[in-house]
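Reader: Please show me the model. I would like to go through its sheet and its surface with you.

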Amino acid sequence: MGDDTKVALVTGASRGIGKASALALADAGFDVAITARTVNEGEGRTEANSVRGDDPIVPIPGSLETTAKEIEARGQRALPIRMDLLDRDSLLAVPGQVLDAWGRIDVLFNNAIFQGGATMDRILDLTAESMTKLVVGNYVHQVLLTQQVIPHMVERGSGRVINMVSGSARLDPPAPAGAGGWGIAYSASKAAFARVAGGIEAEFAPSGVHAFNVDPGNVVTEKRRALRPKDAFEEGFGSEPPEATAAVVAWLASSDDAMRMIGKWIYAPKLCEDLGLLAS
């Protein structure tokens with residue numbers, strides 16, 4: 001494996017869509033740097049996402065340790081780095097660690113999200129502090145991380161930034177948060193982040209850096225399954241496998257045809273099906 005191997009940086013890769021995407025990128029020939037808060041298997045826990053206190057703290061599977069082993073089993077290098085979206089110092093240090101280790105970052109997949117505090121709070125439960133954490137974790141710090149990567153991509157003359165967005169940023173909730181709907185503070189933070197890819201494209205496309213928005217649909221993550229075996233969103237909206245989004249992420253990261261998706265809201269399950277990216 002030489003220095004010409006492309007490198008992807010995937011945030012929130014201990015489980016769910018992030019892990020599936022890290023593995024899909026490894027299958028596509030990328031070495032993969034991965035970040036998350038959970039470093040070792042067995043350390044993962046859910047966290048309260050509402051002031052109503054109706055979510056218990058329970059163990060959840062997944063870790064950087066496990067994802068790294070599965071990347072390496074595919075014949076690619078893995079670089080696990082602990083990162084917390086609310087810890088600015090840990091976040092800003094990540095790109096430098098990847099560049100020190102491997103000398104390049106060809107793809108950044110901003111997958112991680114902050115889900116604590118006001119994610120499922122109703123309007124009268126929101127506070128300035130809880131809303132600020134969501135906007136910082138899901139918008140401000142993600143932009144700061146991206147800022148550390150783009151100059152390197154510009155210098156190399158190429159790079160792709162893939163941002164995880166959410167249908168909640170475009171749709172009104174069908175019911176109150178916790179009763180089949182979602183919290184508006186979370187959807188507002190994701191709506192803000194959904195504007196970033198277009199700005200990257202407008203400013204840096206002439207330098208060879210391109211950006212995409214990817215909507216995974218309703219994916220029932222390990223956290224949601226641990227908290228609610230019967231998920232209200234799954235009953236109302238169905239559910240999509242994380243592998244569908246992962247396959248789209250790998251395609252966007254590596255295919256020349258991906259340029260036709262610039263400026264579009266990419267609904268990953270539909271594009272995955274249209275392109276036949278999964279066997280089933």
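Author: Two strands pair if DSSP finds at least two bridges between them. Helices (H or I, at least four residues) and strands (E, at least two) are DSSP runs, numbered from the N terminus. This is a predicted model: local features need pLDDT of at least 70, side-chain atom pairs count only at pLDDT 80 or more, and totals for chains, interfaces and linings use all residues. Residues are numbered from 1 along each chain as its sequence is written, and side-chain values use heavy atoms, with hydrogens and water left out.

Reader: What is the strand order of the open sheet?

Author: The sheet has seven strands with parallel pairing. Strand 3 (78–82) and strand 7 (265–267) are its edges, each pairing on one side only. The twist averages 20° from one strand to the next. The order is 3-2-1-4-5-6-7.

Reader: Which residue of strand 6 is the bridge partner of Arg160?

Author: Strand 5 pairs with strand 6 (residues 209–215) in the parallel sense, over six bridges. Towards strand 4 (residues 107–110), strand 5 has four bridges, also parallel. There, Arg160 is the partner of Val107. In strand 6, the partner of Arg160 is His210.

Reader: At what angle does helix 4 run to strand 4?

Author: Axes are lines fitted to C-alpha atoms, for helices over the stretch in contact (heavy atoms within 4.5 Å). Angles run from 0 to 180 degrees between N-to-C directions. Helix 4 (residues 128–156) lies across strand 4, strand 5 and strand 6. Its angle to strand 4 is about 170°.

Reader: Which residue stands opposite Val10 in strand 4?

Author: Strand 1 (residues 7–10) runs parallel to strand 4, and three bridges join them. Opposite Val10 stands Phe109.

Reader: What is the relative accessible area of Leu124?

Author: Leu124 sits in the loop between strand 4 and helix 4. Leu124 is exposed, and its relative accessible area is 83%.

Methods:
Buried < 20%, exposed > 50% of the residue type's maximum accessible area, 1.4 Å probe, protein only.
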